[in-house]
Amino acid sequence: MPRCRDQLLPSPTRGLVCDLGRRWSTDNLLRPVREDGKLWQTSSLGGLCSRRRMTLEEAGRLPQVLARVGASHGITDLTCKLRFYDDWAPEYDQDVAALKYQAPHLAVDCLSRALRGTPHDALVLDVACGTGLVAVELQARGFLQVQGVDGSPEMLKQARARGLYHHLSLCTLGQEPLPNPEGTFDAVIIVGALSEGQVPCSAIPELLRVTKPGGLVCLTTRTNTSNLPYKEALEATLDSLEQAGAWERLVTQPVDHWELATSEQETGLGACANDGFISGIIYLYRKQGTR
């Protein structure tokens, strides 16, 4: 079993984190500055390309949040990743909120628009559900029959506390099959878990297996520089299933403002254009066949 180093987060004054030999700098990307007696958050590479008013609490937390999320992106071993998420679970929601994480509500919006029938009748599986951020969005749109799976016991504990899931299961997708019969769900959604060291591309057919014929599968991934090799492999898998007649692609939705970047390397060349955000993408498919 691989050895996982402890993920030590820096103090806000350091702006650096070492994770598995990688150093992440937050000093020049998104930092609080004081002007006219007020705190502002700058975005991009040391310039005032874009800015917004910050609270004192946000200013104090931001370097730690960027470091923690940047560290999570750098872990490519699944065992280490799950251990990291167990430790992160109690503070996960407030950290991704500070990052202006857009994926859960954008993905659920995309799914909702394509749904046949009414949301309250649809049985939905939230794969890699984490603390339940997707379930919050689903409930807000009238989805009341939601089940969830995740590989982190501590994340599931947070999700269970929300009281939004009919059933939650511990399952490490990619190492074991989903704990559901074939053709169970009207919709399957996976948000934020398709990247290196999390759910492998080889697990995508398992999402399709548990979806009813005519049902929907919604998937997301980041399109920032470090995740492009995974995205390329993912799209090859998605395309091969479509060519085999397993499903039909309904939507490909690029998103410029996915979440705040955690380092200069994450933004690539488009930091100014994206106001310090990295990009992402949403895919939506309908499973072929009749019910």
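Author: Residues are numbered from 1 along each chain as its sequence is written. In this predicted model, local features need pLDDT of at least 70 and side-chain atom pairs pLDDT 80 or more, while totals for chains, interfaces and linings use all residues, and side-chain values use heavy atoms, without hydrogens and water.

Reader: Why is the pair of Trp88 and Tyr92 called edge-to-face?

Author: Rings of Phe, Tyr and Trp (its six-membered ring) pair if their centres lie within 6.5 Å; planes under 30 degrees apart are stacked, over 60 edge-to-face, the rest tilted. The centres of Trp88 and Tyr92 are 4.8 Å apart and the planes stand at 70°, so the pair is edge-to-face.

Reader: What makes the pair of Trp247 and Tyr285 stacked?

Author: The centres are 4.0 Å apart and the planes at 20°, so Trp247 and Tyr285 are stacked. This pair links distant parts of the chain: Trp247 lies in strand E11, Tyr285 in strand E12 (residues 277-287), 38 residues apart. Strands (E, at least two residues) and helices (H or I, at least four) are DSSP runs, numbered from the N terminus.

Reader: Why is Trp88 called buried?

Author: Buried means under 20% relative accessible area, exposed over 50%, partly exposed in between (1.4 Å probe, protein chains only). Trp88 has 3%, so Trp88 is buried. Tyr92 has 13%, so Tyr92 is buried too.

Reader: How do you know that Asn227 is buried?

Author: Its relative accessible area is 2%, so Asn227 is buried. Asn227 sits in the loop between E10 and helix H8 (228-243).
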